[in-house]
Amino acid sequence: MLSALLYLQYHSFVNRAVRRVRRLKQPKYLFGAIVGGLYFYFYFGRFLFGFGSHRAGGMPAVRATDGNQVLIESAAALVLLVIVLLAWLLPRERAALVFSEAEVAFLFPAPISRRGLVHFRLIRSQLAVLLTSLILLALTRRWGGNLWFHALGWWAVISTLSLHGLGSSFARTMLLDRGITNRTRRLVILGVVAVAAATVFMWARRTVPAFSATSMEDGTALKRYAEQVLASGPLPCLLFPFRLVIRPFFATTLSAFLAAFGPTLAILLALYWWVIRSDVAFEEASVDASQKLAARLAAVRAGNWGATDKGMKPKRPPFRLHPTGPPAVALLWKHIISASKVFTGRLWLILAIGITCLCVCIGQMNPTGGLATVIGMLSGMALSWSLLVGPQILRQDFRQDLLLADVLKTYPIPPWQMALGELLGPVVILTAVDWLLVLVAGILLGQTRGLEMSGALVASIALGVAVVIPMLNLIVFQIPNAAALLFPAWFLATRSGPGGIEAMGQRLIFFIGQFLVLVLALVPAAVVFTGLFFLGKLFVSPAFIIPRAALGTAVVLGVEASFGMVLLGRLFSRFDVASEMTP
Amino acid sequence: MIEVEGLTKLYGEFVAVNELGFRVERGQVLGLVGPNGAGKTTSLRCLSGIIRPTCGTIRICGTDLVNNPVPAKRELAFFSDEPRLFDYLTVQQHLAFTARIYQVRDYETIGRQLLDELELSEKRDALPGELSRGMKQKLAIACGWLHNPKVIYFDEPLTGLDPMGIRRMKHSILKRAGEGAAIIISSHLLHLVEEICTHILILKNGRKIIHGTIGEITRQFSEQTDDTSLEEVFFRAAYAEGERRPKANGAEPPAARGAVPPTNP
């Protein structure tokens, strides 16, 4: 029976790989693969395969030397302990092995024992374990160490967590079947944790010399204290099994690795035995979990990430939608609802007042700069980043509605209004966020005495930025939407197609393309601003001219955005749902 | 109400719909039938303004749909085979949204009546994810009826409905037709078409094979027998010729290659 399951697993993997290789014949996947491959190589690969400069470069090698081995191992073991505890504390559901719907349809009615299904699940989970280990290896290789020790070390850690997760879910279900509720289980576990923590605390307080906050400027005192707590007393006993799991990763010689890997394998075998011996009915919960997984996948493939939210609840509309008026407002209303329930006018007003008060207080407490300047500068940087990151996060526009395009196309709305309505939601949200950032930066930097700019000039710049931002955001959102309508197959491939290096490359190409178009769109506005500013500066002060120059810039951006809306509307009206939606 | 002349839709060289022409008057129900890939859904999508025809004219209540789409679309409603709803809007919010799109002033009264009629009143604050397939269909219908359309298209309207839902849907279609709406139904369910349609249009390979009232078509293909069903008429009309879909350059379409026409039962 196991051979049939292995056959399914093997051929699914091979067929998926072959399909990915074959689709490289299409330029969109080939270019994506090249760009993604280069990105992967320069970011991870050269370290992974030993071509990188981790030995000569600035990254310090993380080696568990005698001095810090205990500390590093124990800290890592502590992290493992917390993960294991959370697996017993947090979940509420009964044990469920997540299968695909096809697997449920074929395997559950088939003459396969429960143990056979568990074996199938374990084999399949090894694929995910290997992939996760590879990614973690790529991330940690830049700090040096032995490739094989790290690879096997990560595999051991991830496999242990995977097996423990399965075993603990079975055990929780058995407890539920015996009448021990989730609440009782949690209370008992929390009680045990509290007793253990109190024991360690009391021991440390009595045995380890205390240290003062002033003596930890360079961290040495804290490190010494942590070493003492972790290496002696009750904590090493608690962490011992977890250190056994971690230890192969930090081995530096083959003999040390072999000596460490034996106990790790023993733990893995014990966990495997525990999982296999557990006789828990998981079928019903598994069918339910598989259906939920399928629904989530379908929603993601449809570009509707919001629907993947398990706890999706009806949201209060941001304002009352009257039945008459510009139809574009209905789309704005719809998209703000889809974004989140927090986007209400009242909330933004409260936020603005609260932030103003807070910033004034911070400014008064730090009149010469310091914290106020840092926060102000960070707000300014966040504002710049929002131009690039905002459209990637807020997707309540054509990109979300693309698979419902046939519904939208039946609406009696002129194309440009449709485009405006589709974009208004994310533009309004991002503009509100940006205005808050401008408020923070303006108030904090305006109060700082050490700056070379006067308070009036800071306020003038803040006002100018606030004037320009709505139009700028309108353009910023037009670019990815136009890209999605012009290249829907590409767009859908990046959104919903199977992942992989080519999909990553496609996302990079999209991002770079959007950045270049944005720069191009900003050129006329920048020219107008520069002209108005320098012309005005001949007659009036900069503080006076900046908001007015910004107004002129906003007009230019508004004209550009208007042309963009007309173009976007045309693109949407020509967008053929039937012929375009196949990636 | 619906006037179609020379409607043609090309996908590259592939002819999906070829020179289609017909009229549907007030109160008439036209059944659009044909084998898979005949061009029914493409035709309906062109007729509802979802896709632009390559050439031809479509008039909805006298307004050209291609050149003047906004007023034309205000008069029509299109129901696809799967109810297409917004996951994050509740039942009530769907109605409010649709009302604004179609500028329905008294939508609250109409919406309440529709929800009562469709037994959805208790679900007014539910999201589509909390509704059954049939309830989603009802919500889509409520949204479609809200602006009292004069032209209505249904693409496989009975898909996924239970017997009670099927009865209600048929009743609803006939009621709308009785009130003067022009209706087109695309369906493979010939008994449904026979039961509620006044006219039939059989499409094959994007071309009109036959168009007329059920009586006319039945008489034409009855071969001197009185008990000829629409199913029999359909097979005789659709598979008699063994014709192939034309292409702009005369080549065969991908779907037609190697396709074996079904035998006449």
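What is the handedness of the crossing of helix 14 of chain A and helix 18 of chain A?

Mentor: Happy to! Keep in mind that this is a predicted model. The crossing of helix 14 of chain A and helix 18 of chain A is right-handed. Now for the geometry behind that. Two packed helices are described by the angle between their axes and the distance between the axes. Here, helix 14 of chain A covers residues 371-393 and helix 18 of chain A covers residues 455-486. Their axes come within 10 Å and cross at roughly 50 degrees. Angles under 35 degrees would count as roughly parallel, and 65 to 115 as roughly perpendicular, so helix 14 of chain A and helix 18 of chain A are oblique to each other.

Which residues make the contact? On the helix 14 side of chain A, look for A:Leu387, A:Gly390 and A:Pro391. Helix 18 of chain A brings A:Leu472, A:Val476, A:Phe477 and A:Pro480. Sorted by class, this contact has six nonpolar residues and one polar residue, with no charged ones.

A:Ala456 has 13 C-beta neighbours inside 10 Å, so it counts as partly exposed. One more thing to spot: A:Ala456 and A:Gly446 are ten residues apart in sequence, and their C-alpha atoms are 7.4 Å apart in space.

Technical notes:
Residues are numbered from 1 along each chain as its sequence is written. Chains are lettered from A and ligands numbered from 1 in the order in which they are written. This is a predicted model: local features need pLDDT of at least 70, side-chain atom pairs count only at pLDDT 80 or more; totals for chains, interfaces and linings use all residues. Axes are lines fitted to C-alpha atoms, for helices over the stretch in contact, and angles run from 0 to 180 degrees between N-to-C directions. Helices (H or I, at least four residues) and strands (E, at least two) are DSSP runs, numbered from the N terminus. Angles under 35 degrees count as roughly parallel, over 145 as roughly antiparallel, 65 to 115 as roughly perpendicular and the rest as oblique. A crossing is left-handed if the near helix is turned anticlockwise from the far one by less than a right angle, and right-handed if clockwise. Two residues are in contact if their C-beta atoms, placed from the backbone, lie within 7 Å. Ala, Val, Leu, Ile, Met, Phe, Trp, Tyr, Cys and Pro count as nonpolar, Asp, Glu, Lys and Arg as charged, and the others, Gly among them, as polar. A residue is buried if 20 or more other C-beta atoms lie within 10 Å of its own, exposed if 12 or fewer, and partly exposed in between; C-beta atoms are placed from the backbone.
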